[in-house]
Amino acid sequence: MTEIAQQRRTQRQDSAAPDGNHDRIIRFLRGALPAAIGGLFAFLVLAPLLQRSELSFLLDKDTVEIAPEAMRVADAIYRGKDSRDRPFTLQAGEAIQRSSDIPIVELSELTARLLFESGPGELKADKGEYDIEGEQVEIIGPVLFESENGYRLVTRDVDLDLRERSLKSRGRVNGRTPMGTFEADSLRSDLEARTVTLEGNAKLRIEQGRLR
C-alpha cells in the first residue's frame, strides 16, 4: 500500500470513528435544519402582515369615461301584480335603461307570464320598451300570446298593459286568432276574456272547422 493510500485510509477511519468529524456534522445538522425550516415557515406566515403597500390616485371627472347607459342587465326579471293582485313576471335576455331619470327599460327576447282565472298565459316578443311606473310594455315587431287552454293570438306592434291584462295596437294591425286571420285599423284585446275588438276597416276571415 502506498503512503498516499495509507493517509486517505487513515483520514476515513478518523472520520468514521465515534465522536469524529462525521458525527459532529450530523449532530449540527439535526439541530440546524429544523430551526431553519421553522424560521422559513414563520417568515412565510408573517410576510403578508408585515408588508404595507398603499396606492393613491386622483380622478378627473372631466376625463373619466362615462358609460352610455345607466343600466345594462342580462337575463333580467321584473315582478309585479295586476289590478286584481295577481302576480306576473316579465323576463328579458337583456335589459337596458338609458337614463336613471326616465323609467323606461329597453328589452330584448322578452317573455311575459300572466296568471288568469282559467290558468297561466305567456306572451313572447323580440323587442319592447317597459314603462316601470305604468307597468306597460310597448312591443316592437311580432308578438305571440298563448294561454294554457289553447287560446292563441298572433299580431304585432301593440302595447301590453300588465295591470289590466290587455293589448292595444298603435296603428293598423293584422294577425291570427283561433277563428282565423284578421286585419283592421286598430285592435283591442282582453287577454283575460280572450276577446279581440277590431275597429276601422276591419276584415276577418273565418276558417271553417277551427272552432271545433
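Me: Thr 177 first. Buried or exposed?
Reply: Buried, at a relative accessible area of 10%. Buried means under 20% relative accessible area, exposed means over 50%, and partly exposed is in between, with a 1.4 Å probe and protein chains only. This is a predicted model: local features need pLDDT of at least 70, side-chain atom pairs count only at pLDDT 80 or more, and totals for chains, interfaces and linings use all residues. Residues are numbered from 1 along each chain as its sequence is written, and side-chain values use heavy atoms, with hydrogens and water left out.

Me: Which strand is Thr 177 in, and what does it touch?
Reply: Thr 177 sits in strand 9, residues 173-177. Strands (E, at least two residues) and helices (H or I, at least four) are DSSP runs, numbered from the N terminus. Not counting residues up to four places away in sequence, Thr 177 touches Tyr 151, Arg 152, Leu 153, Phe 182 and Val 196. Contact means heavy atoms within 4.5 Å.

Me: What is the average confidence for the chain?
Reply: The mean pLDDT is 79, and 67% of the residues score at least 70. pLDDT is the predictor's confidence in each residue, from 0 to 100.

Me: Where is it lowest, and where highest?
Reply: Lowest in helix 1 (residues 3-16), with a mean of 54. Highest in strand 7 (residues 158-161), at 95.

Me: How many helices and strands?
Reply: The protein chain has 2 helices and 13 strands. It has 212 residues, of which 25% count as buried. Among contacts between residues at least 6 apart in sequence, 36% join residues at least 24 apart.

Me: Now the largest nonpolar core. How many residues, and which have the most contacts inside it?
Reply: It has 29 residues. Leu 90, Leu 107, Leu 123, Tyr 130, Leu 160 and Leu 162 have the most contacts inside it. A nonpolar core is a set of buried Ala, Val, Leu, Ile, Met, Phe, Trp, Tyr and Cys residues joined through side-chain atoms within 4.5 Å.

Me: Which strands supply at least two residues each?
Reply: Strand 1 (71-81), strand 2 (87-97), strand 3 (104-116), strand 4 (119-131), strand 5 (136-147) and strand 7. Strand 3 gives the largest share, 6 residues.

Me: What does Leu 107 touch?
Reply: Setting aside residues up to four places away, Leu 107 touches Tyr 78, Leu 90, Ala 92, Glu 94, Ala 95, Asp 126, Lys 127, Gly 128 and Tyr 130.

Me: Switching to Arg 165. Buried or exposed?
Reply: Buried, at 1% relative accessible area. Arg 165 is in the loop between strand 7 and strand 8 (166-169).

Me: Which backbone oxygens does its side chain reach?
Reply: A polar side-chain atom of Arg 165 lies 2.8 Å from the backbone oxygen of Leu 115. The Arg 165 side chain also reaches the backbone oxygen of Leu 162, at 3.3 Å. A polar contact is a pair of N or O atoms within 3.5 Å; within protein, one must be able to donate a hydrogen and the other to accept it, and residues adjacent in sequence count only if both atoms are side-chain atoms.

Me: Which ring face does Arg 165 lie over?
Reply: That of Phe 116, at 5.5 Å from the ring centre. A charge sits over a ring if NZ of Lys or CZ of Arg is within 6 Å of the ring centre and within 35 degrees of the ring normal.

Me: Next, Arg 72. Where is it, and which side chain does it pair with in a polar contact?
Reply: Arg 72 lies in strand 1. A 2.9 Å polar contact joins its side chain to that of Glu 94. Arg 72 is partly exposed, at 47% relative accessible area.

Me: Backbone now. What is phi for Arg 194?
Reply: Near 60 degrees, a positive value in a residue other than glycine. Arg 194 is in the loop between strand 11 (186-190) and strand 12 (195-199).

Me: And what about phi for Asn 201?
Reply: Near 50 degrees, a positive value in a residue other than glycine. Asn 201 is in the loop between strand 12 and strand 13 (203-206). It counts as exposed, at 57% relative accessibility.
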